[in-house]
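Hi everyone, thanks for making time. I'd like to walk you through one structure today, from the overall counts down to a few ring pairs. Please have the viewer open as we go.

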Amino acid sequence: MSASAGDRELLGTPLDNTKEEISGPSCIGDSGKQDLAVCTGSSEIKSCAVVKYSAAPPPTSYALLQEKTDLKLPPANWLRENPQLGSAGTTILGSSSKSKPFSSFGMAYDFIDCIGDDVDVVSDSENIKKLLKIPYSKSHVSMAVHRVGRTLLLDELDIQELFRRSSQTGDWMWLKEFYQRLIDQKWQRKKKSKEHWYQKAILSKFLYYSINGDGAAEPVPDNLNEGEKENGAEEFSSSWPTTFTSAPSDIEESDSPTQESVSVDSKFALGQVTSVPKEQNLPTLFDEGENSQGLRNDFVRNIMWAFEDIHMLVGSNMPIFGGGRYPAVSLRLRDNNKPINILTGIDYWLDNLMCNVPELVMCFHVNGIVQKYEMIKTEDIPHLENSTFSTRVVKDIAQNILSFLKSNCTKEGHTYWLFKASGSDIVKLYDLTTLCEEAEEEKYQNPFTLPVAVLLYKVACNLKARLNRKHYGTIRTLLLNCVKLLDQERHPQIIASAHYMLSELFQLGELSDEDGAESLRAGGSEDSYSDEDREDDDDEEDLTEDSDDNVTYTNCSSPQDDSKAVAVIRSVGELSVPEKYKSTHPIRPSSAFPVSQDKEERCRHVLSYVLKGLKAVDGSIKKESDLPAADPNTPIPLKYEDGNAIGACAAEKGISLLLDRVGPLQEEQNHPTRSGMIPGSWQHRMKLQLFLKASKAYYVLSDAATNLLKYGRALRYIKLSLQCYDAYCSVSGLLHPHVLQFHSQSLSLCGDIQLMLAQNASNRAAYLEEYSYQTKEDQEILHSLHRESSCQAFNMITDLAMDPEYQLFVSSKCYEAAYELLISEALKDHASDQLAPVLKRLGNIRNEMGVYYMNQAAAMQTEKEVKKVVSAAEQELWKKSFSFFENGMVDFEAIGDSTNTALLLCNTGRLMRICAQAHSDISADQSRGEFSPEEALYYNKATDYYLRAMKSLASRENHPAVWDSVNWELSTTYFTLATLLQDYAPLSRKAQEQIEREVTDAMMKSLKYCDLQTESARQPLYQYRAATIHHRLASMYHSCFRNQVGDEHLRKQHRSLAELHYSKAVGLFLILKDAPCELLRTLLERVAFAEFTMAGQSSSGAKLKSLTGALEIMTDTRYAFQLILKELQEEQIELSEPEPAESAESTNMASGPTLGLNLQEVMKLTGVFEPSFSFLLLQLIKLMTTMKRKPSKKDEDLLKTYRNVYSKLLRAEKNAALVSRVELYVELLQQLASQTASEDTGTRL
C-alpha cells in the first residue's frame, strides 16, 4: 500500500519512566501515527510500527470472564471460524502452528517496493522474537536467510519437518546427510507431552470465551478502571475501529480507499493492498502447490516496524481486543503457579512493540479455573518481577545479529542457514547453496531456489519501473542472479523476461554507478501485531530448557563443522555487547553498471541477452527436431548480386514486396505462428519484444559502422535489423506507431548506406569482406528468426550490389518507402518531426541520381569522335537526369529548403550546358562549325536555371558558399555563350552587327556576375575572367575599327571602346602575377592598335605623338617580361640540378615548364614583340632625324637612347636561348623606361 500519511517517517517520542498513562491514541485505530517509546533507566528505545496491511476486523471488547470460570469446558463457539481471532483460533491447537518456510517471500512479493533498499529484515514476528532471545534461551534456532540488496529474508527452517519430507521427496537429502555427518550423528523426534496439548486446548477455549461467544462469559464494563486516572478515555468506544472505518482525519492520511459503506464482513475479506502493480507477464509460478509451500502472505497483519535504526517488515496473526483505558490490548493466559520469566517478558514486550499495543491484559488461572485479571502497560513489562531485562541490551542484540548476517550473507540468490543447537552457545551460519553444489546435487533440489529467483525478478521489475538510471547496476545484478538460479526448461518465461530486461538496461547512455540508499521509515496507514498462535511453551520454560524443541539436538561442534560454516558466533553472550559485530561488507560490491564507451560493445551485450531470451522462448514452444531444419552453426548466406544482372521484373517484384511489408498491418492474427506460438501467449508477447529489441540493437550497430565509414559492415547490420523487423511483422498482428516510426528510420539508414556504397565504389572489395563476415551470435539469432519468418522481404534493399546505378536506385526506393510509411494513415499524426529529414534525404538521392545520369551523358559525349547527331541514349540520359532534378526540387521545396533547391537548379543549369555542348558540330579533324541555334537555346535555359537558383537564395547572406557557386556558374555560362558566339559566329544566319551586339550583351552580363570585390578563393579567377572579357571586347572593337568603312562616328566610338577595354584589361592583368603571357598579348595588341591609328595620320607631329605613345605601351611590357624571365630562370635552375651538363638549347626546347608557363606561347609572342619593337624604334629615329625644327637637348638625348636600344636589338644573337633574349628585352625596356622617367623628372623640374 502506498499512502501519504503512512509513508512519512514516524519517530517515537521518548516517554519518561513513570506510571502515567500513554496519552492519545496509540493502537490500530490510529493507523500507527503514535509511536511507542519505552525507556529503561536513562536509556531510550525507539519503536515505530505502521500497518501496511490488515485483514482483521475492528477490535471488539474482550469478555471479562467471571471468576471460577472453568476453561477446561469448551464454549459453544469453540473452533468455529472467527475473523476476530483470525488464524489464532483454529490453529492454536498446533495444526499449522509452525512458520511456513516461505512466509517472508509472500510478504516480499506483496510489498516489493520495500525490498532491496528500504527494509533491513522481512520475517514472521515469531522469528524476530526468537532471534532476539538467543542470549537468554537454550532452545535451538534454525532459520533460512536470503539476501536481496540490503534486505534479509528470514524464514524458520524446521529441520524435523524437512527431514520427514526428505524421506518422501528427496529434496533435502543432501542437507540431512550434511547434518548427520557434521552436526549431529543421531537425531530423533521428541514427542509433545500431554501437558503441551492441555495448555493449548485451554488457551484456545479461553480465546473463544473472551470474544463473548458464550453466555457464561460476561463482558468487561466500561468503568473497569474507574479508580485510576483517565485522560481522554471517553474518546474511545468499546469497539475501536480499524483503518477501514477510521475517523475522517485518519481516512485522509490513509492510502486505502474509504470503506464506510462496506460491510464488516466484506472488510475482513479484503485482499492484499500493495503499491506495486502486478506483473502482467509473470506466469503462474507455483501452480496449485503455491499454498502448500507457504508462498502466500497469510498473515493477518503486515507491519513496517522500526526498532531503533533497524527497519523490518514483519507478519503477525495475534488477535487484538478493545476495552479498558486503551482501544487496543493484547490478551494473555497465564498459569498462576508459574512465574513470568525473562523469555516470556521479552516475548510479550516485543509483541506489543511490533503491534504498537500500549497495554497487556493477563488472565491468571489455576488448573484451568479463572482466578483474576491484571493489566500491565507495555513500558512496564521489562520491570516485571522475575522478568526484568534491559531493553537496551535487546536493542544491542538486534543490531549485532543484523550486522552479523549482513556481513556474512553476501551472495544474492544463495540460501544461508543460521543454526544454533539446543543448549549450545555457538551460532553458526552455513551457505546451503554452496554445500548443495559441493554435494554435486542439482541446484533445483533447494526448495528456496524458485522463490528466491522470483523475488529477485520482482525486485528488479520494481526498480526498473522507477526509471532511475542509478538503479541499473542493482537491476543487472538481481536479474543475473535470478537467471543463475532458474532452470530454462522449467521456467522459460521468467528467464526470457529477465534477459529482455537485461537488454533494456543498455542503450540508455552512461549510467550512475551508485544506488540510492533510501530507507523506508514508515509504511501504510494501518497498525499490526505479531502471532500468538505459536508455542507458548517457549515462553513458559525456564532458562535451561525449552520444550519448543521437537527434535533433540546435540551440541557437538567440531573443527570440521566450523570449516563448513561461513561464520560462527562463538558465544551468544557476545550478542549483548554493544557494537560487537559491525557490518563492514559492502551490500552490493558488484552492482556498478558496466558502462562502455564503445557503442558496439553495448549493443553486443544487448544482442547476447536477446539471444538467450529467444532461446528460452523457443525452448518452451517446441523441440528443435520438430521445426524446419536449420543448422545454427551454418552461416546464413548474405548474397550479393550484380545490379546489371537483375532484370527490371525482378526489381519491380522486390519493390512490391518491400512496400507490402512497409505498410501497417490491419488485422490481429488468430492462428498459430510458423513455430507454433499461440497469438496472445507469453511466448508471443516476449518474442515481439525480443525481435524489436534485436532490430534496434542492429540498427545502432549499423549507424555506428556508418559513422566509421565501414559501409559493408553497416549494410550487414541493417540487413540483420530489417530481418528482425520482418520476423516481428510475421508474428505481430498490429504494428504500433512507434514501431512504424522506427522502421522508417531503419529504411532511411539503409538508404544512406546504399548511397555511400555507390559513392565509394573504389573500396568495394573491402566492403564485400565486411558484409560477408558473420558472428556465431548473429547466426543463432538468424536461426531463431527463421523459425517465424523467411526474412526475405527486405533482401532487395540490403543486398550488396556491384553496380552504383542499382545502389542509387535501391537507396531511392528506401527513402520512398520511408516517406510512404510516414504519410500513411497510421503515422500521419505521429511522424511530423521525421518527415522533413526523410524528404531531405529523398531530395538528396534524387539529386545524386540526376548527377549520375548527367555525368553518364557527359562521358558519352567525350567518347564520341565526331558529333553530328545527338544519340537516343544521350537524350534518354538527359530525360532521366532532368526528371530526378525536378522531383528533387519538389522535395526540397516541400520542406522550404531554399539552399538545396538552389543547388538542384544549379545542377539543372549544368545539365542544360551539357545538352548545349552535345549539339555542337565537331568534324573528324576536331574543327567545329558555327554556333548552332540548339546550343543557344540550351545555354539560355541554363542561364534561366541559374537565375532561378539565385532568386531562391535571395541574398548572399543566406548561404555564401552556395551563392558564390551559383554566381560563378552563371558568369561562366554567359562567358561561354559569348566566347562561342565570338569565335564561331553564326554568320550564315545572323548579321555581323547582331552577333557583335549579342556577344557584347553576354560579355557584359558575365562581367556583371564577376565578383571582383569579395575576397575569396575565386577572386583571382574572377579577375582573370574580367580581364579576359575586357581583352576580348577590346579585340572585337579593334577589329570593328579596322573593318569599319564610311561611318566615322561609329569608328570613333569603336576606337574609344577599344582603348577603354584595353586599358581595363591591362590593369586587371597587372594585378595578376600568374598571367604574363595574357598581359603581353594585350599590350602587343594595343601597340598594334596604336600603329594602325598612326597609319591614317599625315602630319609628322601627330605621327611622332602616336609613335611615342605606342613606344610607351611597349615599354609597359617590361613587367610581363620580368615575370616570364623569373619563371624561365626558376625552371632552368630546376632542370640543371639533376643534369648539370644539360645545354641551354635543350632547355629552350623543353616541352613544357613545371611552373605552368607556356613556352610555345612565349616564343610566339616574342616573335611578334621583337619586329614591332624594332619597327617603332626605327620609325621614331627616322621621324626625329628628319624634323625641320632644331632638336632640343632633350630630343637629342632621347634620340641617342633610341639609337642605342635599336643598335643593341639589331646586334642581338638571333639563335640565342629564350631566356637570354628575354633578358635582353628586359634590359632594353628598362633603359627606355629610365630615360623616359628622367625626362619626366626634368620636365617637372
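A quick word on terms: helices (H or I, at least four residues) and strands (E, at least two) are DSSP runs, numbered from the N terminus. On that basis the protein chain has 40 helices and 17 strands. Please keep in mind that this is a predicted model: local features need pLDDT of at least 70, side-chain atom pairs count only at pLDDT 80 or more, and totals for chains, interfaces and linings use all residues. Residues are numbered from 1 along each chain as its sequence is written, and side-chain values use heavy atoms, with hydrogens and water left out.

Let's begin with the whole chain. I call a residue buried under 20% relative accessible area, exposed over 50%, and partly exposed in between, with a 1.4 Å probe and protein chains only. Of the 1245 residues of the protein chain, 55% count as buried. The chain exposes about 53,500 Å², and carbon and sulfur atoms supply 50% of that; the areas come from the Shrake-Rupley method with a 1.4 Å probe, and for residues only the protein chains shown count as cover. A contact means heavy atoms within 4.5 Å. Among the contacts in the protein chain with a separation of 6 or more, 79% are between residues 24 or more positions apart.

Now go to strand β10, residues 310-316. How many of its residues are buried? Seven of seven. In a regular strand the side chains alternate between the two faces of the sheet. In β10 both faces are covered: Ile310, Met312, Val314 and Ser316 are buried on one side, and His311, Leu313 and Gly315 on the other.

What does β10 pair with? Two strands pair if DSSP finds at least two bridges between them. Strand β4, residues 121-124, runs parallel to β10 and is joined to it by four bridges, with Val121 opposite Met312. Strand β9, residues 301-307, pairs with β10 in the antiparallel sense over seven bridges, and there Phe307 has Ile310 as its bridge partner. The hairpin of β9 and β10 has two residues between the strands, and Glu308 takes a positive phi near 60° in it.

Next, an open sheet. Three strands in the order β11-β12-β13 make it up, with mixed pairing. Its edge strands are β11 (330-335) and β13 (369-377), each pairing on one side only. From one strand to the next the twist averages 25°. For angles like this, axes are lines fitted to C-alpha atoms, for helices over the stretch in contact, and angles run from 0 to 180 degrees between N-to-C directions. Strand β12, residues 359-366, runs antiparallel to β13, with eight bridges joining them; His365 has Val370 as its bridge partner in β13. Helix α6, residues 194-210, packs on the sheet and touches β11, β12 and β13, with its direction at about 140° to that of β11. Helix α9, residues 342-355, lies across β11 and β12 and runs at about 170° to β11.

On to helix α12, residues 449-465. Its end C-alpha atoms are 24 Å apart, which agrees with the 24 Å that its 17 residues should span at 1.5 Å a residue; the expected span is 1.5 Å times one less than the number of residues. Since 16 of the 17 residues of α12 are buried, it is largely enclosed by the rest of the structure.

Last stop: the rings. Rings of Phe, Tyr and Trp (its six-membered ring) pair if their centres lie within 6.5 Å; planes under 30 degrees apart count as stacked, over 60 as edge-to-face and the rest as tilted. The structure holds 29 aromatic pairs. One of them, Tyr698 with Tyr717, is stacked, at 6.3 Å centre to centre and 25° between the planes. Tyr698 sits in helix α19 (residues 682-707) and Tyr717 in helix α20 (residues 711-731), 19 residues apart. Tyr698 is buried at 0% relative accessibility, and Tyr717 is buried at 3%. Phe1041 and Phe1092 form an edge-to-face pair, because their planes are at 85°, with the centres 5.6 Å apart. Phe1041 is buried, with a relative accessible area of 6%, whereas Phe1092 is partly exposed at 27%. Finally, ring pairs link Trp305, Phe307, Trp349 and Phe389 into a cluster.
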